[in-house]
Number of protein chains: 2
Amino acid sequence: MERIKRSERLGVMLSVLSQTPNRIHTLGEFCSMFNAAKSTISEDIDILQDALAKFGMGELTTVAGAAGGVRYRAIMDPDTSRGALEALAARLREPGRLLPGGFLYTSDVIADPETAGTLGKLLARLYYDARPDFVLTMETKGIPIAFMTAYMLGVPLVIARRDSHTYEGPAVKINYIAGAAGDRIETMALARRSVSPGQRALIIDDFMKGGGTIQGMVDMMREFQAEVVGVGVMIATAKPVEKRVKGVKSLFTLAEADARTGTVDISVSPQFR
Amino acid sequence: MERIKRSERLGVMLSVLSQTPNRIHTLGEFCSMFNAAKSTISEDIDILQDALAKFGMGELTTVAGAAGGVRYRAIMDPDTSRGALEALAARLREPGRLLPGGFLYTSDVIADPETAGTLGKLLARLYYDARPDFVLTMETKGIPIAFMTAYMLGVPLVIARRDSHTYEGPAVKINYIAGAAGDRIETMALARRSVSPGQRALIIDDFMKGGGTIQGMVDMMREFQAEVVGVGVMIATAKPVEKRVKGVKSLFTLAEADARTGTVDISVSPQFR
């Protein structure tokens with residue numbers, strides 16, 4: 001193999017690392033990829049760490065031990081995070097998003113890959129230390145955000161369905177109380193083989209009002225003997241103040257959405273301001 | 001701003017480009033990011049192009065004209081593509097994936113971010129020239145693949161639903177013929193505001209047998225006066241040979257899935273071998 005210049009090596013290495021966020025790559029992997037010594041690769045990593053820090057573009061960490069190596073996390077610096085969230089809040093306040101019944105149209109924002117990527121980075125950031133084995137969401141609207149959170153955490157996504165489907169095999173089916181008034185019973189199903197006992201679940205959804213759907217997912221995890229290590233949502237309503245599930249973190253708080261007056265009061269949640 | 005070394009610049013630049021696939025970045029953007037001259041950035045791009053080519057890690061293209069700049073496409077080289085597809089086919093043949101009724105359990109494969117990323121790269125590769133404005137899919141199982149295809153193409157994802165939901169506003173609802181026997185009528189809904197007349201749609205789904213759901217999506221696009229510029233699926237069955245929609249490209253072909261005999265005959269589609 002021809003000799004690879006450091007500048008080329010750094011570009012390719014960071015590209016590999018940033019396309020597989022939060023996954024540990026051994027130094028040996030890069031040694032054989034570039035036909036370079038371990039000391040050379042170590043120096044490369046130092047250079048990349050500095051460069052990323054300078055541009056607030058994420059963190060490169062060396063992990064010691066037998067399963068050690070180097071890992072990229074797409075952590076945005078506080079200023080960039082705040083700017084991205086404020087820009088999104090402004091988009092969510094756009095006139096015309098308010099639907100009859102006080103619903104906010106967010107599907108376009110959620111399903112835009114760049115926005116979903118940003119939301120995924122921000123949500124993943126909150127749960128690195130919780131070390132989830134997978135991300136759980138309930139179909140359909142929140143899937144892109146949950147998927148990008150899973151992508152940034154380097155873990156699989158598991159999707160609970162409204163119904164069990166033949167092509168997913170045996171499933172666990174539960175009922176849960178939906179609607180803020182707590183007056184509607186809905187069904188949630190999850191394929192038996194999708195979760196193993198003892199696994200750590202991170203629940204991610206796009207919206208929480210009363211918290212019924214989230215409570216349903218928590219109950220579902222109990223059926224699978226899995227541990228819920230965190231719950232994150234894109235938007236939580238300010239009311240009701242008492243949610244069915246405690247400790248849920250939200251990126252945005254929706255204080256008011258009134259179709260009659262055309263008011264949308266949505267803002268970045270306090271801890272991100 | 002302190003002086004940035006070329007090696008640092010290359011790492012950060014490729015990381016920015018590879019995290020926003022198929023989006024054009026102006027040279028000016030990098031000039032101001034690194035406080036460097038245009039000629040310097042041009043040289044950087046040449047170096048990165050060579051490095052990526054050497055490692056089969058994607059393509060960096062300079063686009064001329066007023067809206068010009070530089071763009072990264074995550075195009076895998078033929079050997080890597082073939083290897084990834086063959087490895088996936090082997091996973092899909094694993095015993096225990098076969099469910100009663102001859103269904104194949106694929107949810108875990110689809111919702112794994114790394115696999116979805118690979119499938120997204122391979123599907124996007126087929127449709128760069130079709131220049132879609134968005135990717136359309138039908139909920140739920142195929143969403144991660146459709147989303148990653150959209151991500152790689154740098155366009156939004158649009159999700160058709162089984163029912164129209166209050167929180168998506170006015171919707172178009174159509175009926176379509178589902179099931180290989182053509183004996184089941186189902187409903188598909190799509191928010192009015194999600195597609196504009198004249199837009200170019202790329203339809204992506206995880207599975208096609210008779211092609212009824214795909215035909216439903218094609219019909220839906222007609223309602224929106226949008227043009228279908230391509231249809232790609234992860235798996236297509238060999239039978240029936242006549243599909244409702246012509247010209248569908250599939251990554252895998254499922255020749256047989258028989259729960260009684262335990263046979264799963266799935267292989268990489270001819271054009272990818």
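How many residue pairs are in polar contact between domain 1 of chain A and domain 2 of chain A? The count is 3, with both residues at pLDDT 80 or more; a polar contact here is a pair of N or O atoms within 3.5 Å, one able to donate a hydrogen and the other to accept it, and residues adjacent in sequence count only if both atoms are side-chain atoms. Keep in mind that this is a predicted model, where local features need pLDDT of at least 70, side-chain atom pairs count only at pLDDT 80 or more, and totals for chains, interfaces and linings use all residues. Residues are numbered from 1 along each chain as its sequence is written, chains are lettered from A in the order in which they are written, and side-chain values use heavy atoms, leaving out hydrogens and water.

**Domain layout**
- Chain A splits into domain 1 (6-73) and domain 2 (78-272), with bounds from an automatic or database domain assignment.
- The two domain centres, taken over C-alpha atoms, sit 32 Å apart.
- Each domain of chain A puts 6 residues into the contact (heavy atoms within 4.5 Å).

**What the domains share**
- About 540 Å² gets buried between them, 45% of it from carbon and sulfur atoms (accessible area lost on being put together, 1.4 Å probe, summed over both parts).
- On the domain 1 side, A:Pro21, A:Asn22 and A:Arg73 lose the most area, together 70% of what that side buries.

**Two copies**
- Chain B superposes on chain A by a rotation of 180 degrees with 0.0 Å of shift along the axis, RMSD 0.0 Å (least squares on C-alpha atoms of residues with pLDDT of at least 70 in both).
- That is the relation of a two-fold axis.

Notes. Buried area is the accessible area (1.4 Å probe) that two parts lose on being put together, summed over both.
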